[in-house]
Amino acid sequence: MIESWRWFGPDDPVTLNDIRQTGAKGIVTALYGVPAGTAWRREDVEARRDMIRDAGLDWVVVESIPVHEDIKIGASGWEAHADAWAKSLRVLAAAGIRTVCYNFMPVLDWTRTTLNHDLPDGAQCLRFDAVDAAVFDIFLLQRPDAQADHRTDIVEQAGRRHAAMDDEACRQLVDTIIAGLPGSEESWTIESFRDQVAAYRDIDHARLRANLLAFLDRVLPVAEAEGVRLAIHPDDPPFPLFGLPRVVSTESDLAAIFDHAQTAVNGLTFCTGSLGVRADNDLPAILERFADRVHFLHLRSTRREADGISFHEAEHLGGDTGLVRTVGAALRLEARRGTALPMRPDHGHMIAGDQRRNMRAGYPYIGRLRGLAELRGVAAALTDPDAR
Ligand code: DNO
C-alpha cells in the first residue's frame, strides 16, 4: 500500500512537513478553490505538484474533481461541464497524476449531524444521528412530505427534540449539515439548499443513475486515452437523504456502474467507513468482486447505533468494518495485481490536543496519525513471514 495523507492545500493547518513526519509518502489533494465546471489549468496543477515534490512527497491521487450539479440533474448544457471535467483529466495526466477520486452525491457531499461527539475517553468524533437528520429535514428545511421519508418512531422523537431546541441549537444543526465539511464542493444557505433540493424533484434513483452513466460515457474515453484511473467514492452515508436519491451506496449500485463500462479506468475508491455503515454491505465480498476496479483505499471504521440508522466514527481498528480483514484482503489484491494501491487513513478522532490546534472536522493530525500507525502495524504484521 502507498501510505498517503489528505492535504487541503497551503491553508491546511497540517503542513506538508507535518505529513512527512507521519511516514506517509503520498499526498491526496485537489485544487480546492476551482469551482465545479471549470477545467483545471496546467500551470496551477504543475505548481501544486512541484510544491508537494519540494517537500519530499508525491501527489498520488486527486480527491476530488467536483462534478457540476447540472451533470447530476442532466440539465441542458451538462455536456460542457463534463467536457471541462475531462479536460482536467488531460491536464492531470500531462502532469503525471493518474488517479482521480470523485463522487456523484446530489447537492451534499458527505454529511454528519455532529462534529464533536464526546467519547468516554475524552476524544471527540463525527456522528450521524437519525433524529437530528429528521429535525433538520422536517422542521428546519421544512421540505414538503419530509415526514414520509422518516420512520414513525424517529419522527416522534424528532418532534420532541425540536421542541426543546433553542435558536442557537437549530442554527448549529443547520450549519453542520449544509455549511460544507472539509473537501465538500459547495456550501449552502438554507434557502439555496432548499432550491437545489427542489431541482431534484423529478430525479429518482433510476434518473440519477442514468445521468451518472451518461457522464461516464462522455468522460471515460478521455480517461482511457490518457491512462487516468477514475475512482468513484461511495455515498456517505450510503442511503438517500432529504429526498435526494443516492446511487453509489450498495453492491448492486456498484455493479450497475462497473458493468456499464467494462474498462479498468471505470473504478472505485473503496471507502470502508462509507460502505460499512450499511449492515447489508459485505465489505470483503465487495472488494473481491470489484478487485480489478479498486484504485484507492479510504480506511476508517464506523459503529452502527441501536436505531439501525445512526452511526459514529469508531477508532480505526474498532467498530463494525473489520479493517484488519480489509487490509489483509487489500494486500492479497495488490499481490495478485502486482501494483501498490494508494491508501489513506480516513478521518480520525480528535485526540491529544487536536481540538486546540484548530484541526478540520474529521481531519485531525494526531487522530489520523494514530490511525495510520495502527494500519501500518497491521500491514507489517500481515506481511512478515516470521511474525508468528
Ligand atoms: C470525507 C471524504 C469525502 C470524499 C469525497 C470524494 O471525508 O471521504 O469528502 O472525499 O466525497 O469525492
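Ring pairs join Phe8, Tyr32, Trp110 and Tyr363 into a cluster; rings of Phe, Tyr and Trp (its six-membered ring) pair if their centres lie within 6.5 Å, with planes under 30 degrees apart counted as stacked, over 60 as edge-to-face and the rest as tilted. The model is predicted, so local features need pLDDT of at least 70 and side-chain atom pairs count only at pLDDT 80 or more, while totals for chains, interfaces and linings use all residues. Residues are numbered from 1 along each chain as its sequence is written, and side-chain values use heavy atoms, with hydrogens and water left out.

**Exercise 1. Classify the ring pair of phenylalanine 8 and tyrosine 363, and state which parts of the chain the pair ties together.**

Solution.
Step 1. The structure holds 14 aromatic pairs. In the pair of phenylalanine 8 and tyrosine 363, the ring centres are 4.9 Å apart and the planes stand at 90°, so the pair is edge-to-face.
Step 2. Phenylalanine 8 lies in the loop between strand S1 (2-6) and helix H1 (16-20), and tyrosine 363 in the loop between strand S12 (342-345) and helix H14 (365-383), so the pair ties together parts that are 355 residues apart in sequence. Helices (H or I, at least four residues) and strands (E, at least two) are DSSP runs, numbered from the N terminus.
Step 3. Both phenylalanine 8 and tyrosine 363 are buried. Buried means under 20% relative accessible area, exposed over 50%, and partly exposed in between (1.4 Å probe, protein chains only).

**Exercise 2. Carry out the analysis for tryptophan 85 and tyrosine 102.**

Solution.
Step 1. The ring centres of tryptophan 85 and tyrosine 102 are 5.4 Å apart and their planes are at 75°, so this pair is edge-to-face.
Step 2. Tryptophan 85 belongs to helix H4 (residues 78-94) and tyrosine 102 to strand S4 (residues 99-102), so the pair ties together parts that are 17 residues apart in sequence.
Step 3. Tryptophan 85 and tyrosine 102 are both buried.

**Exercise 3. Describe the chain as a whole through its elements, its radius of gyration and its contacts.**

Solution.
Step 1. The chain has 14 helices and 12 strands.
Step 2. For 388 residues, a compact globule would have a radius of gyration near 21 Å; the chain has 20 Å, which agrees. The radius is taken over C-alpha atoms, and the globule rule is 2.2 Å times the number of residues to the power 0.38.
Step 3. Along the principal axes, the C-alpha atoms fill a box of roughly 55 × 50 × 40 Å.
Step 4. Of the 388 residues, 57% count as buried.
Step 5. Among contacts (heavy atoms within 4.5 Å) with a separation of 6 or more, residues 24 or more positions apart account for 72%.

**Exercise 4. Locate arginine 218 and list the residues that it touches.**

Solution.
Step 1. Arginine 218 is found in helix H9 (residues 205-226).
Step 2. Its relative accessible area is 35%, so arginine 218 is partly exposed.
Step 3. Not counting residues up to four places away in sequence, arginine 218 touches Trp78, Glu79, Ala82 and Asp83.
Step 4. Arginine 218 and glycine 33 are 185 residues apart in sequence, and their C-alpha atoms are 24 Å apart in space.

**Exercise 5. Identify where cis peptide bonds join glutamate 63 to serine 64 and aspartate 236 to proline 237, and examine the positive phi values of phenylalanine 242 and alanine 352.**

Solution.
Step 1. Most residues other than glycine have a negative phi, and most peptide bonds are trans.
Step 2. The bond between glutamate 63 and serine 64 is cis, with omega about 0°. Serine 64 is placed in the loop between strand S3 (58-63) and helix H3 (69-73).
Step 3. The bond between aspartate 236 and proline 237 is cis, with omega about 0°. Proline 237 is placed in the loop between strand S7 (229-232) and helix H10 (251-260).
Step 4. Phenylalanine 242 is in the loop between S7 and H10. Its phi is near 55°, and phenylalanine 242 is buried, with a relative accessible area of 4%.
Step 5. Alanine 352 is found in the loop between S12 and H14. Its phi is about 45°, and at 63% relative accessibility alanine 352 counts as exposed.
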